[in-house]
Amino acid sequence: MSKATIFDIQRLSLHDGPGARTTVFFKGCGLRCAWCHNPESQHMEPEILFDATKCIGCGACVGLCAARTAGPTQFDRTKCFACGKCAQRCPTGALQLAGQRLEAAEIAHIALRDRQLFHISGGGVTLSGGEPLLQVEAAAELLHILRAEGVHTAVDTAGDVPWECFDAVLEDTDLFLYDIKAMDAALHRRVTGVDNARILQNLPRLLRVRPVVVRVPLVAKLNLGQVKAIAQYLSSLTGELRVELLKYHALGKGKYVRLGRQFVEYAPPTDAQMRVAAAEFERRGVEVAF
Amino acid sequence: MDSWKKTAFGREYADFRAEFAAWYALYPADVSAQEARLEARLTACPQANAFARKVWVYEEIAGNCPVKIFRHYPFYFEVVTGAPRNLLGSAFPPVSGLGSWVMRSDRSGLAEDFEAFRKPPMDAGILYSTLYADLAHNAAGVETILNHGFAGMRERAKAALAAGQGDADFLRAAIAACDCVARLGERFAQEAEVMLERETDESIRARLARIAVSARRCPLEGARTFFEALNTILYLKELGNVLDSAGVAILGHVDRLLWPYLQRDLASGEITPEEARDLLYWFCAFTDAKWDLHDAVYGTNTSINIGGCDRDGTPVFNPVTEWICAAYLDLRLVNPKLQARFAPGADDAYFALIARVASSGLNVLSIFNDRVIIQAQTRMGKALEDSRLYVNGGCQEVLLAETELNSRAICYLNPARYLEMLLLKNDDGFFARERILPPTLERCNDFAEFSRRVFRGLALIINAIAWHYNTFERRWPQNNPLPFLSATNLQCLERGRDLTQGGALYNGSSFALVGLSTFIDSMRAIERTVFEEKRFTLEQLCRMLRADFAGFEAERAYLQNRVDKYGSDDDSINAFARQMIDGVATAMADMPNARGGYYEASVWSFYGYEWMRQPCGASANGRHAGERLSRGINPSESTHTGIAAMIHAFSALDLTAFAQAAVAYFTLPLSLGKGDDALCEHLIRYFLEMGGSAADFDLLDESAIADALVHPEAHGDLVVRVCGYSARFVDLEPQMQREIAQRYQRN
């Protein structure tokens, strides 16, 4: 039995594949996208989120560890090892542990609660993150359980993993959601922290064996200029492919604050810019939605 | 999209609305002369009982109240009796008009007695009641009259009288009611003939000519045509209210009833599909035009049932169903409410149609799961064939068409308050007044024992309340008997008993329930913290509750955030909720009422969760005193969960224990539903499969609501689902507006 570190399971998810779905969020990601709205997904290790607005200063967490010696509302993050004891004690939920180690079977048990809704809506379960393929063993086991139960499966990936990771889950994955953020390698490194070579190598190979929904997050001043190049690239590929354009939003701001991290807000593209971007794909015969 | 505007109906729609608005703006009409004659008869015969006085009312209305036919409306229905424009029936105290004169002339002191009974427990938040018996959510025996007409019912009443069956006073009043209908029919016909003499518009002349013929025979005789059937259904609702002040809110299961007439008329060429569709549009728009929707205190009382199944269990879905839904989508009707039943095997096209209505943001829709609701009726001893003919109204309350008088929505109960009373003994004298020796909750060995004592307490409290309503119900026949409505019911005439005397085949009663999840979560919190974790003693917990958690914020936060809650859909809490819900249903049901029937369990809230929150002290689930109580079968307001979890949790419950339905209130962002009929369809199907009972749809446009709070003048057409009824947002009380605006955040 394999265990995965996950940070959320979201039911009635409507934007992570066909139908009504349950999305399992794996913790840990190789990319550091500037616009990431799930900052708690990035590190593989559990982390403490601290919401000062919920803290009532009851002191239940004080003295449990070195990070909590200064006083009830004080939190020295540099000394926190995310053991989770404080979150367990916190009565208000001001302290929360992002990252739970669960066996694949336990995750499946929760994810399968809505199996009839999947059946009704043509939905299923999506493994997202973070990067689910960084925990490929548990991901593969989870997908296998789900497929054995007759549930449609999808994997939402950034693609920056060895091909072997895809190989390990291919058999039990019906659909891949695959992010392309930029074609320009330097730009890609600047806005995601990694090179895009492996991502661009894996995608054509994946398309040969599975349908893929390519998701392109668009941030006005970061990668909007990449749309044409992405559309050209995707139109050159063969396989069952369609594109979803994801408009940037700042809904993750609160989580950055709770993680004690700096939040940088970007401007979302306008509706007109989204339409222009979509037209780039349409004119090249690539199915696109936004 | 606006093709309806090019139809004959569409071309006349604005004139119709204007004519209604101008006429009803003058209501209530002056009937002081008629009322003076009734008073004179009472002075001359002060010993006359309520049935005899009803006869006088019928005679006065038949002979001396004007009838009104509208030029721009095809149906006849309006008898001017001094009733208010928005006529729910006779609420407490009685409304104006001759129909409630019998109630007003009751010198027995019932009104005073009812007020004296209800005030102390209402002030103490133990109940909320505006009716001593149900005079607001009834239905006429529509199918019976469509088949037999009042002439046939008169013959039955006469035969029963001759045979000495039952109460002669009732039977004489029922005969008088039938005679009244006959006389009114003649007068409508004469009025149409008078109007014809000066009418020059050919299409209106054709309508008046049709009324001149039909009014003489319908509803005196059974309906022959689609037009007569439609007019009969609409007219019965109005007559029930103006003659008996009976609160006829339910038009009926109209697609099932009307389709045979329409089929016949289309086949014979009596009517074209376009004419039939126009008539249905007129029919659906009736109460929307008649009612002043700016008077939103009780919102929209009328309802139409569609879908479901027929007496044999065959799903109902036909062109009438489709046209009714089209009328709602085209006209964006607020009143009546649309009650969509779903039978096993319902057509895929029906699902798609109702999903479209749901996702349109019309917010007038409730859905009902036949599988659960019909079984709930048979559990109460009702025949399967009769149970299949259930209808719903004023909100989701269940009533078996043609065979039942069920006194519902008369009183709201709050189990969270009862738990508080048992824990803290802060009952404001209720226990002493009711001679209840409440079980003590101290020194229980375990939670099972604690739970048994709580449910014993609940049963004692609810029984005591029921005893009062039974007492008032015994006085109902002398306060406001319903001979007209009873004359639409075959069993009443066979038994010679009025509906208020238990004349119907089925005679249920039901209290409504608010705060169910507040109660469940509080019980869970006690189980966890007092009995399992031993974090607090019961005494300590009581101290916190008495103090409304002042000085115990950490403990309150723990109770609210760290104890699992109903609605989170964990196996353990689901099993616990099942036990609690079964216990509450048992405590609410099976007490005998005064009409030979039994109380039935229900979970729906109307606006009771808001009315009753203030006097309800702090709850063990961490709820502060005065904070909101849960609605219907929904999780508590502070529980963070999603709609999928909420629906899935139903699969662990047995909602067939609630014969009067267990209502879920779905609040969704309008943007979810906009253009996404599929999502609404999936949720409806999931709800049905998981064993949900009834659900109310409210799609909120967050930005529109926020703007309406600041610029109400720009949002006159913004309709929201308050709780079982719909209303224009800008007409609601500020407190209601704020509560609705906050729902989006909570959901």
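## Interface between chains A and B

Chain A and chain B bury about 1,700 Å² between them, and 61% of that area comes from carbon and sulfur atoms. Buried area here is the accessible area (1.4 Å probe) that two parts lose on being put together, summed over both. Of the area that chain A buries against chain B, A:Pro91, A:Arg113 and A:Ile120 supply 35%, more than any other three residues. The contact involves 18 residues from chain A and 22 residues from chain B, where contact means heavy atoms within 4.5 Å.

## Basis of the values

The model is predicted: local features need pLDDT of at least 70 and side-chain atom pairs count only at pLDDT 80 or more, while totals for chains, interfaces and linings use all residues. Residues are numbered from 1 along each chain as its sequence is written, chains are lettered from A and ligands numbered from 1 in the order in which they are written, and side-chain values use heavy atoms, with hydrogens and water left out.

## Sheets of chain A

Nine strands of chain A form an open sheet in the order S5-S1-S2-S6-S7-S8-S9-S10-S11, and the pairing is mixed. Its edge strands are S5 (100-103) and S11 (288-289) of chain A, each of which pairs on one side only. Strands are DSSP runs (E, at least two residues) and helices are DSSP runs (H or I, at least four residues), both numbered from the N terminus; two strands pair if DSSP finds at least two bridges between them. Within this sheet order, strand S7 (residues 152-157) and strand S8 (residues 175-179) of chain A run parallel over four bridges. A:Val155 is opposite A:Phe176 in S8(A).

Strand S3 (residues 47-50) of chain A pairs with strand S4 (residues 95-98) of chain A in the antiparallel sense, over four bridges. The residue opposite A:Leu49 in S4(A) is A:Gln96. In a regular strand the side chains alternate between the two faces of the sheet. Both faces of S3(A) are covered: A:Glu47 and A:Leu49 are buried on one side, and A:Ile48 and A:Phe50 are buried on the other. Buried means under 20% relative accessible area, exposed over 50%, and partly exposed in between (1.4 Å probe, protein chains only).

## A three-stranded sheet in chain B

In chain B, three strands make an open sheet with mixed pairing, in the order S3-S11-S13. Strand S3 (127-129) and strand S13 (512-513) of chain B are the edge strands, each pairing on one side only. Strand S11 (residues 411-413) of chain B is parallel to S13(B), with two bridges. B:Leu413 has B:Leu513 as its bridge partner in S13(B).

Over all chains, 63 aromatic pairs are found. Rings of Phe, Tyr and Trp (its six-membered ring) pair if their centres lie within 6.5 Å; planes under 30 degrees apart count as stacked, over 60 as edge-to-face and the rest as tilted. B:Phe70 and B:Phe77 are a stacked pair, at 5.7 Å centre to centre with 15 degrees between the planes. B:Tyr73 and B:Phe77 form an edge-to-face pair, at 5.7 Å centre to centre with 85 degrees between the planes. B:Phe70 and B:Phe77 are buried, and B:Tyr73 is buried as well.

B:Lys68 lies over the face of B:Trp23, 4.5 Å from the ring centre, and over the face of B:Phe70, 5.2 Å from the ring centre. The criterion is NZ of Lys or CZ of Arg within 6 Å of the ring centre and within 35 degrees of the ring normal.

## Buried helix residues in chain B

B:Ile211 belongs to helix H8 (residues 202-217) of chain B and is buried, at 1% relative accessibility. Residues up to four places away in sequence aside, B:Ile211 touches B:Ile69, B:Pro74, B:Phe75, B:Tyr76, B:Phe188 and B:Ala192. B:Phe75 is 136 residues apart from B:Ile211 along the chain, with 7.3 Å between the C-alpha atoms.

B:Thr529, in helix H22 (residues 516-532) of chain B, is buried with a relative accessible area of 0%. Beyond neighbours within four places in sequence, its contacts are B:Lys534, B:Arg535, B:Phe536, B:Tyr558, B:Leu559 and B:Val563.

## Cysteines

With a disulfide defined as a pair of cysteine sulfur atoms within 2.5 Å, the count over all chains is zero. B:Cys45 is in no disulfide, and the nearest cysteine sulfur, that of B:Cys180, is 20 Å away. B:Cys45 is partly exposed, with a relative accessible area of 25%. B:Cys178 is buried, at 1% relative accessible area; its sulfur is 9.6 Å from the closest cysteine sulfur, in B:Cys180, too far for a bond.
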